[in-house]
Amino acid sequence: MSPLRLFWIFVKVSTFTIGGGYAMIPVIKEFIVDKYRIMKEDEFLDVIVTAQTVPGVIAINTAMILGSRLAGFWGAFFAVLGASLTPFIMILVIATFFTDFVDLPVFEGFFAGARVGVTVILANLSLQLLRKSLKRYLIIIVIAAGTLVIVFLNVSSIWVLLVCSLLIYFIDRRSTR
Amino acid sequence: MILLNLFWSFFKIGFLAFGGGYGALSLIQDQIVNVNKWIGIEEFLTLISISQMTPGPIAINSATFIGYRIAGIQGSILATVGVVLPSVFWIFLILKILKILSKWIDTAEVFNALRLGIIALILSATLRIGIESINSVFTIVTAVSAFYILYKFKLSVIWIVFGTGILGVFWSFFLPL
């Protein structure tokens, strides 16, 4: 994959990442896994997981790992450039001309609506990922518990990721033995 | 001097931000409101709502915004580069560590568990955005029909986000909040 195509993919990804970093996961997956088929779903998830385990802006971490895997140094460079360009330009325009735009009903309406769309594409992705383990009740319980702990107890997601994965690791080992 | 300070403050934010945007929020507030007094708490809250309504990671949005406010275009570029740069170090480090680890343990098995654990994080993001954005008859109808269209017609996720955004503009005209 050419670095310039990666650049363009990440421009599109960052433009539609509204309401938090997780919204970008279904968008990147659609391009990299479903449309261009340059990565398998598992490989892609490994990238997402790796990007979460270290500090830094997660969208940037993801762009950097994906870019370097797919097209080396320049791949990483252009993926990161693409991922930061739209947010950079938008904020620049807002900071220059109108900080008050948040109060305009048109913008308020658009982003309120878009967040509903983001919920839908995230829910769809979650279902796709859960499909393979639907019959493994213990694992479903661990995932559900982890989800609730993050949302309602405000525990940092990195700890939940580690604890849940550890539990799943042992459940896996026990069942394969 | 102010440019160097901008770069350094946002470099620290990027270097220490763990667990993505909202985890980094207190770090950002500490650096730009408490330590450097670049903006007051009121303007910081405006910055957060701008970030939520525009594409892109919150750390990048605040870097661009504060950088521009303090030192114009130059400042916005330096602050943004500052917050992105630490990812180079962290990603390099984690990829090296993974390479070394793979000689000693079966990382494939560990990643199998992590791939399932990450579903809890994606689900929690889904729930958080969903609870906050799906809160009326209109939004429920939009969400259900968007999900149906995505599932049935395999429409691109980008069009789902864009389409629900346009619907949001319509509500804002017909349903004065």
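Me: What share of the contacts in chain B with a separation of 6 or more comes from residues 24 or more positions apart?

Reply: Start with the term: two residues are in contact if their C-beta atoms, placed from the backbone, lie within 7 Å. In chain B, residues 24 or more positions apart make up 50% of the contacts with a separation of 6 or more. This is a predicted model: local features need pLDDT of at least 70, side-chain atom pairs count only at pLDDT 80 or more, and totals for chains, interfaces and linings use all residues. Residues are numbered from 1 along each chain as its sequence is written, while chains are lettered from A and ligands numbered from 1 in the order in which they are written.

Me: How many helices and strands does chain B have?

Reply: Both are DSSP runs, numbered from the N terminus (helices: H or I, at least four residues; strands: E, at least two). Chain B has eight helices and zero strands. From the N terminus on, its elements read α-α-α-α-α-α-α-α.

Me: What radius of gyration does chain B have?

Reply: That radius is taken over C-alpha atoms, and the globule rule is 2.2 Å times the number of residues to the power 0.38. For 177 residues, a compact globule would come out near 16 Å; chain B has 20 Å. Along the principal axes, the C-alpha atoms of chain B fill a box of roughly 50 × 50 × 25 Å.

Me: How are the two chains divided into domains?

Reply: The bounds come from an automatic or database domain assignment. Chain A has domain 1 (3-133) and domain 2 (135-177). Their C-alpha centres are 25 Å apart. Chain B has domain 1 (2-84) and domain 2 (106-174). There the C-alpha centres are separated by 28 Å.

Me: How many residues of chain A and chain B are in contact?

Reply: On chain A, 84 residues are in contact with 79 residues of chain B. H5(A) gives the largest share of the chain A side, 24 residues. Helices H2 (24-35), H3 (41-53) and H5 (105-130) of chain A are among those that each supply at least two residues. By class, that side has 52 nonpolar, 25 polar and seven charged residues. Nonpolar covers Ala, Val, Leu, Ile, Met, Phe, Trp, Tyr, Cys and Pro; charged covers Asp, Glu, Lys and Arg; the others, Gly among them, are polar.

Me: At what angle do H1 and H4 of chain A pack?

Reply: Axes are lines fitted to C-alpha atoms, for helices over the stretch in contact; angles run from 0 to 180 degrees between N-to-C directions. H1 (residues 3-15) and H4 (residues 58-97) of chain A pack at about 40 degrees, with axes 8 Å apart. Their contact has 20 nonpolar, six polar and no charged residues.
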